Amino acid sequence: MEQVKITITIKSPTLIANTSTAGVLTSTRGAIDGRVLRGIFASQFIKSHNLGKEAHKNQEFMELFYGDVRFVSAYKDTPKGTSIPVPLSLQKNKNADDFDPDVVVDSYFAKREYKTEKEQNLLGFKGMKGFATFEGNNCYPVEVETAIKLHMSRSSKMERIKGRSIDGKIFNYEYLEPNQVFVGSIVASKSILEDFVRQFPKRIECQIGRSRKTEYGQCILEIGDVESIDFNVSPIKTANGDAIYLRLQTPLLIGNQSIKSIIESAVKVEIDEDVYVNSVCASYQEEQTFNNIWGLRSSSEPAASAGSTIELIKKTGWSDKDISHLRNLLYSGIGHRVQEGYGQIRIWNPAKFKLEKISKVSTTEINELHVDSQALVRNILEKQVIAEARLRAANDVEKELQIYGQNRHFATILLDEMGSNRMSGYSKLKDSINRIIDEEKIIYKTLRNIYIKQQYTSENKGFMNLMEYIESFDEAILLNKCIEPLSHVSNDSSFISALIKASRIDKKELSLKIAYEYWIYFFRHVRKLNR
């Protein structure tokens, strides 16, 4: 058995719908299922071979998508490697005094290595969920970034014309945030994989998931090279025999049977009658799919969840031949609908781990960014510093502004003077202040009684009249102040500097934009003052 890695980069919000969802919320899965990968390639094959709705009559199509090829779910990729569903036998310390606070212990490891009943039962520990990646004795939890967006239902033709729901119906989509990378695989024999890879371009632009014909689901899929599968396993001697520990990489469809009976029946046929399942740590879920051609949902099927772990015992010991058979069985899949990636199982090594966070990217790694990455970084940084400028404006009005008198109308006048152009708005404000000073208009009498503590001038001390403050206001100082919180988040000021340089941000242009945003929000908050 060989494999080909499949890398999927999400370019727009993407919703891989969960089976169980609330009435007005459709939640997303944290991974891209094997059936989704299979659908991408099947659609490409049908389109390139012009098969239409007669694909099932094509022998090559049936061999590739209903034969010996396995499409394995894609999980989020990180600097520490591709994540996996957290094995359900893992427990993290909650309030156990005898253990380090950041320790993670596998329950199989605890029963084998610890002496006291309290330690073996991991009292004071709780289970882990989600995804993680492992490196040596370190466990790195992986957060899949999601968000929720409100939509208005527009099902009928009239509702679509009007652009709103007549009955006021709404629904929410939880989706995977863009710019995350997921890595899955396709497993088969070397000859089949080489033939499969030749059928497709190395890079495919595609739409996946719910509402993919609208704003959701735009992805870029990249096909790797055919490579061998690393399968390192060392059976562990226990009181019952030699143990090998397994974890479900993908859900296992079980129907009305137990996970124990399904796995035992498979390994007894492939390996030996003296192999049996000694214990299982598992959770269960319902699996349901939607058939686009028929426009119908399939019936729900019970499944053991990805991350479930199994202790497999062989009384007479594991030979090299047994290990080889086990390898082929695990990567071929157990149960049914294995072509869609269900029933993929991998080796698990129970151990004691230390809980760690995935470290930030080192600044030495940022030399150049791709053009698309430059634009993305510029947009993200601009949003962050503008948000910080707005917060500072609100805070300055609340805490640093002294107004002698009740007139707030000046704020409306100055807002109107600034206009809506972010690049020229601040310069228009300064020109307006100069005219007010020169002509001593009525507004001048109001503004001369308003003072503010200097925050963004070269002197940066004491109180100053608002008109003088606007004239001497230094937008570059404001920009640097707004960048500071980003440095605190990354714990490395040089990282942000390197990022700004690599993304080729025009700091002069950005400073004018945030100066505009600062004063717009400053005057808006002045109008809301109650004191």
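For charges, Lys and Arg count as positive and Asp and Glu as negative, while His and the chain ends are not counted. Each charge is placed at NZ of Lys, CZ of Arg, CG of Asp or CD of Glu. On that basis, the protein chain has 73 positive and 68 negative charges, and their mean positions are 5 Å apart.

A word on sources. This is a predicted model, where local features need pLDDT of at least 70, side-chain atom pairs count only at pLDDT 80 or more, and totals for chains, interfaces and linings use all residues. Residues are numbered from 1 along each chain as its sequence is written, and side-chain values use heavy atoms, with hydrogens and water left out.

Now the whole chain. The C-alpha trace spans about 100 × 65 × 50 Å along its principal axes. Of the 531 residues, 47% are buried, meaning under 20% relative accessible area with a 1.4 Å probe, protein chains only.

Next, Thr78. Is Thr78 buried or exposed? Thr78 counts as buried because its relative accessibility is 12%. Leaving out residues up to four places away in sequence, Thr78 touches Thr133, Val142 and Ile358; touching means heavy atoms within 4.5 Å.

What lies by its side chain? A polar atom of the Thr78 side chain is 3.0 Å from the backbone nitrogen of Lys80. The backbone oxygen of Gly81 is 2.7 Å from a polar atom of that Thr78 side chain.

Last one. Thr78 and Gln180 are 102 residues apart in sequence, yet 9.3 Å apart in space, C-alpha to C-alpha.

Key:
Buried means under 20% relative accessible area, exposed over 50%, partly exposed in between (1.4 Å probe, protein chains only). A polar contact is a pair of N or O atoms within 3.5 Å; within protein, one must be able to donate a hydrogen and the other to accept it, and residues adjacent in sequence count only if both atoms are side-chain atoms.
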